[in-house]
Amino acid sequence: MRATKPNRGDVAVLGIETSCDETAAAVVRGGGTVLSNVVATQEQLHEEYGGVVPEIASRAHLERIHPVVRRALEVAGAGPDEIDAVAVGHRPGLIGSLLVGVAAAKALAWAWSKPIIGVDHIIAHLHAASLDSLHPPEFPAIGLVVSGGHTSLFAMRSPLEVECIGRTIDDAVGEAYDKAAMILGLGYPGGPRVDARAQRGDERAIDLPVSRLDPHSLDFSFSGLKTALLYAVRGTPTGRGRGAAFERDASDLGEAQIDDLCASFQRAAVAALILKLERAIEQRREDQGENVRAIIIGGGVSANTRLRFEAQALADRRGLTLHLPALTYCLDNAAMIAGFACLRLQAGQVDDLTLSASPAGMY
Ligand code: KG4
Ligand code: ZN
């Protein structure tokens with residue numbers, strides 16, 4: 001251990017992230033100052049399979065983890081003396097992938113005699129908006145994580161005190177985007193492609209359903225929207241289940257029709273997110289007497305053009321501040337892991353070398 005204690009506001013943490021298909025490492029100081037942020041994406045390795053193949057992902061993490069960590073330290077100009085703790089995203093995710101990051105973090109923490117901090121990937125997404133930001137959110141806040149595996153709402157008293165108040169009952173919104181892209185023949189990863197095509201389309205061309213669930217629910221559902229899009233593209237099936245036969249498929253559609261379907265899908269998907277955000281803000285006031293001051297959004301889908309626009313409109317309507325990650329921090333990265341870990345280190349919340357990886361999420 002270091003002889004001198006770091007200045008509490010100035011701790012520097014090396015973060016590692018390997019939960020899915022990005023191998024990432026970053027050094028962050030004081031929770032928000034990103035000194036380096038290295039991401040090696042595996043997108044091309046998985047593209048031909050239309051989704052992430054777990055075995056390919058863990059092998060690729062093994063090959064990349066050393067160079068990625070070394071590069072993050074080099075860019076930050078940091079060695080063991082400058083690092084106060086090693087953090088790692090240790091849940092949820094693909095277990096074989098998580099294990100690579102956790103083993104690397106443990107090895108470094110042990111070799112350098114530094115504390116290790118396990119970070120929940122979903123909660124880290126909520127911290128991404130605070131990276132390189134001059135305006136930290138005020139609390140209480142409502143947090144929304146929208147990613148490929150999660151769509152969850154949080155009541156946040158502080159960055160470290162969060163309570164999950166809603167989640168998807170079926171597909172995550174990013175997953176729905178990826179499936180929509182498959183249905184429309186746009187390939188993987190789907191979200192950015194559907195978003196780009198939606199810019200050119202007519203959002204009212206097809207009336208796709210906005211899921212509301214019951215009037216008080218803060219949960220989400222995206223499987224109905226996905227099925228409605230499937231039927232809009234292929235027509236109503238004859239027969240059921242695997243025997244179902246469709247009238248047509250995406251190859252029968254013109255480019256303008258695909259643009260319209262993307263725009264209509266995006267309108268319905270984002271409307272469902274905004275509806276629940278607004279409902280959560282109202283419920284906190286009515287049920288808890290809590291005046292929410294900020295909206296914080298994170299996760300891959302927070303890169304979405306329409307969501308960013310609509311969330312700003314909601315914040316303006318309600319007189320709240322909106323905190324969105326810079327585009328580089330929307331997708332999986334290790335800066336959010338390191339940044340959140342700085343706050344935990346300052347609060348004395350550290351783990352030890354018994355830290356384990358867990359595929360299951362808490363939120
Ligand atoms: O947070 P993330 O990088 O990984 C997970 O933790 O899942 O999120 C990836 C998800 C994918 O489903 C991807 O299609 C979606 O984020 N995504 C988007 C956009 N960019 C990425 N979805 C909608 N619009 C986008 N611009
Ligand atoms: Zn993520």
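A residue is buried when its relative accessible area is under 20%, exposed when over 50%, and partly exposed in between, with a 1.4 Å probe and protein chains only. The model is predicted: local features need pLDDT of at least 70, side-chain atom pairs count only at pLDDT 80 or more, and totals for chains, interfaces and linings use all residues. Residues are numbered from 1 along each chain as its sequence is written, chains are lettered from A and ligands numbered from 1 in written order, and side-chain values use heavy atoms, without hydrogens and water.

**Exercise 1.** Determine which residues of helix α6 are buried and what they pack against.

**Exercise 2.** Identify the donors of the zinc ion (ligand 2) and locate His121 and Asp332 in the chain.

*Solution.* Step 1: donors are N, O and S atoms within 2.8 Å of the metal (3.2 Å for Na, K and Ca); water is not among the atoms, so sites may look incomplete. Step 2: His121 (NE2), His125 (NE2) and Asp332 (OD) coordinate the zinc ion (ligand 2) at 2.0 to 2.1 Å. Step 3: the spacing of these donor residues in sequence is H-x3-H-x206-D. Step 4: His121 lies in helix α4 (residues 121-127), whereas Asp332 lies in the loop between β10 (321-323) and α10 (335-346), 211 residues apart. Step 5: His121 and Asp332 are both buried.

Methods:
Helix = DSSP H or I, 4+ residues; strand = E, 2+ residues; numbered from the N terminus. Contact = heavy atoms within 4.5 Å.
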